[in-house]
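Here is a friendly tour of one protein chain for your next look at the viewer. Please keep the sequence and the model open side by side while you read.

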Amino acid sequence: MNDTKRWHELAAKVKPETCLFIDGKFVDAVDSQRFTTFNPATGQPIAEMVRGNAADVDLAVKAARRAYKSGVWSRMAPRERMDILYRVARLIEDHADEFALLDCLDMGKSISELTGGDVPFSALTFQYFAETIDKIDGMVTNTDRSALHMIVREPLGVVACVTPWNYPLMMAAWKVAPALAAGNSVVLKPAEQTPTSALLLARIFAEAGVPDGVFNVVNGYGEDAGRALALHMDVDKISFTGSTEVGKLMMVYSGQSNMKKVTTECGGKSPQIIMGDADLDTAVTYAVNGIFTNQGEVCSAGSRLLVHESVYEEFVEKFAIEAQRFQPGDPLDPATTMGPLVTQEQQRKVLGYIDSAKSEGAKLVIGGGRPSGMDAGNYVQPTLFKDVKESMTIAREEIFGPVGAVIPFKTGEEAIAIANNSIYGLGSSIWTKDLNTAHRMARDIEAGLVWINCYEHGDMTQPWGGYKQSGQGRDKCFETMLAHMQTKSVWINLG
Ligand code: NAD
């Protein structure tokens with residue numbers, strides 16, 4: 001049996017869990033509402049999901065608080081908590097096919113990317129944060145001899161994790177793993193476009209021995225379940241990944257409620273600067289991957305390609321050839337390199353940006369519409385525009401689709417000025433063989449992530465997050481653990 005047939009047969013048997021997960025049980029919503037989740041490759045419904053709203057959020061937060069106060073998790077010995085999270089990592093690996101199928105059917109990304117990327121990286125995220133648990137040290141400071149001053153770290157309490165649809169399982173792992181590792185209880189609100197894999201995660205937590213109430217999932221819409229969670233008076237932190245627009249709302253909700261802590265990982269419009277002396281073939285390969293991987297639905301997508309005038313035409317020609325590696329296709333076929341966009345709405349939005357580029361005078365190099373014969377799914381062709389100006393809409397706004405914009409420049413200073421002319425500051429790259437240029441530009445660029453002669457490289461130690469309106473806070477990395485803990489000063493008077 002070929003692999004595509006095998007994945008289709010497995011997909012036909014998938015029966016996603018549909019209920020909310022509160023206090024260790026799969027439950028219906030208080031008002032029994034439902035919403036439908038669709039397969040973006042076919043337009044067919046996948047499941048009727050239980051739709052939580054404010055009343056369900058309240059039950060989940062109460063369960064999380066009860067569990068937190070009981071100390072079953074928050075005061076568990078570090079080694080025991082580590083062992084349970086290691087088990088979670090192993091169980092994710094054991095259920096790799098199920099996770100991959102759920103996210104493939106819900107979101108449309110290719111099954112190969114899921115089995116080779118999202119799923120093992122999610123397991124690794126739990127492994128990494130488990131490893132940090134007994135590495136959190138307090139401190140005794142150098143005070144006067146009349147006192148003993150200890151700085152200790154404690155969990156925050158109840159953490160609300162609100163996640164996007166572009167990497168459903170992996171974004172949940174990035175948010176939930178550090179929160180749990182730090183000893184908090186969690187309520188997760190997944191994106192309504194991709195609600196299924198979070199519930200398999202819930203089943204796995206129970207199997208691994210995470211006590212009831214420590215991890216809860218409330219599916220539902222952003223404006224009711226998400227908003228209720230972010231406004232809840234008994235939530236201590238919102239850990240958010242999503243759009244800049246909603247990230248800003250999270251900060252407002254915090255101010256309107258109990259001043260809960262907020263960390264946000266938001267959008268981007270990341271520049272890749274290709275200098276005249278760059279290794280052009282390698283730069284082209286990474287540029288193509290940087291904008292077309294995951295259909296361009298990547299926060300750090302290298303969507304602005306700033307190319308030195310001396311290699312500009314050659315870059316565009318090579319890009320057009322290299323881009324043929326990305327062909328829209330069936331996400332369940334392991335050979336597929338590009339799936340459909342997540343929803344019809346997202347497809348319409350991306351096609352709208354393509355129209356704006358055409359009407360504002362950018363020159364279309366490849367793509368520019370829907371692929372023929374694939375009307376059932378939300379497909380968009382891999383698209384490249386050249387002669388893009390900084391002022392054009394496609395150079396300023398996050399498209400979140402497979403649309404690259406090539407902008408020419410004359411000097412390094414000009415390239416940095418264009419790169420920094422953005423409300424965002426998430427990813428960036430510099431392609432040059434000159435060490436001085438690379439270091440100088442890395443200092444000048446306003447971005448949380450700077451890649452030199454590569455793109456999207458990294459590991460769990462890498463602080464992931466942005467400058468400016470790409471958010472405040474970091475994912476992955478040790479610092480993230482500390483962002484899920486309180487700092488307490490204990491001052492002992494020794495007389
Ligand atoms: P989104 O902001 O629309 O939704 C994100 C989450 O917020 C969803 O769970 C949604 O239900 C919820 N939400 C929406 N409105 C809400 C409201 N009024 N109150 C409370 N919750 C609300 O984002 P999206 O479309 O799901 O994801 C795409 C965005 O995510 C892109 O901008 C992308 O750049 C960003 N993203 C950033 C990173 C990063 O690490 N910086 C990673 C992945 C995605």
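**A charged pair and its surroundings**

At 32% relative accessibility, Asp-134 counts as partly exposed, a label for values between the cut-offs for buried (under 20% relative accessible area) and exposed (over 50%), taken with a 1.4 Å probe on protein chains only. This is a predicted model, in which local features need pLDDT of at least 70 and side-chain atom pairs count only at pLDDT 80 or more, while totals for chains, interfaces and linings use all residues. Residues are numbered from 1 along each chain as its sequence is written, and side-chain values use heavy atoms, with hydrogens and water left out.

**Salt bridges**

- The structure holds 23 salt bridges, each being a side-chain nitrogen of Lys or Arg within 4 Å of a carboxyl oxygen of Asp or Glu.
- Side chains of opposite charge can pair when their charged atoms come close.
- Asp-134 forms one of these bridges with Lys-135, at 2.6 Å from N to O; Lys-135 is partly exposed, at 43% relative accessibility.
- Glu-93 and Arg-90 meet in a salt bridge at 2.9 Å, N to O.
- These two residues sit 3 residues apart in helix 3 (residues 78–94), so about one helical turn separates Glu-93 from Arg-90. Helices here are DSSP runs of H or I with at least four residues, strands are runs of E with at least two, and both are numbered from the N terminus.
- Glu-93 is partly exposed with a relative accessible area of 40%, and Arg-90 is partly exposed with 36%.
- Arg-370 and Asp-375 are bridged at 3.9 Å, N to O. Arg-370 is partly exposed at 42% relative accessibility, whereas Asp-375 is exposed at 56%.
- Salt bridges that share partners also join Arg-65, Asp-234 and Asp-236 into one network.

**A buried lysine**

- Lys-260 is found in the loop between helix 9 (244–256) and strand 11 (261–265).
- The Lys-260 side chain reaches two backbone oxygens: that of Ala-230 at 2.6 Å and that of His-232 at 2.8 Å. A polar contact is a pair of N or O atoms within 3.5 Å; within protein, one must be able to donate a hydrogen and the other to accept it, and residues adjacent in sequence count only if both atoms are side-chain atoms.
- Beyond its neighbours within four places in sequence, Lys-260 is in contact with residues including Leu-229, Leu-231, Val-235, Ile-238 and Ser-254. Contact means heavy atoms within 4.5 Å.

- An open sheet of 7 strands runs in the order 14-15-16-13-12-18-19, with mixed pairing. Two strands pair if DSSP finds at least two bridges between them.
- At its edges are strand 14 (363–366) and strand 19 (451–452), each pairing on one side only.
- Strand 15 (residues 383–386) and strand 16 (residues 403–409) run parallel and are joined by 3 bridges. Phe-385 stands opposite Ala-405 in strand 16.
- Helix 12 (residues 344–360) lies across strands 14, 15 and 16, at about 25° to strand 15. Axes are lines fitted to C-alpha atoms, for helices over the stretch in contact, and angles run from 0 to 180 degrees between N-to-C directions.
- Helix 14 (residues 412–420) lies across strand 12 (271–274), strand 13 (304–308) and strand 16, at about 145° to strand 16.

**Backbone details**

- Most residues other than glycine have a negative phi.
- Asp-23 has a positive phi of about 55° although it is not a glycine. Asp-23 is in the loop between strand 1 (20–22) and strand 2 (25–27), and is partly exposed at 23% relative accessibility.
- Cys-477 also has a positive phi, near 60°. Cys-477 lies in helix 16 (residues 477–482) and is buried, with a relative accessible area of 3%.
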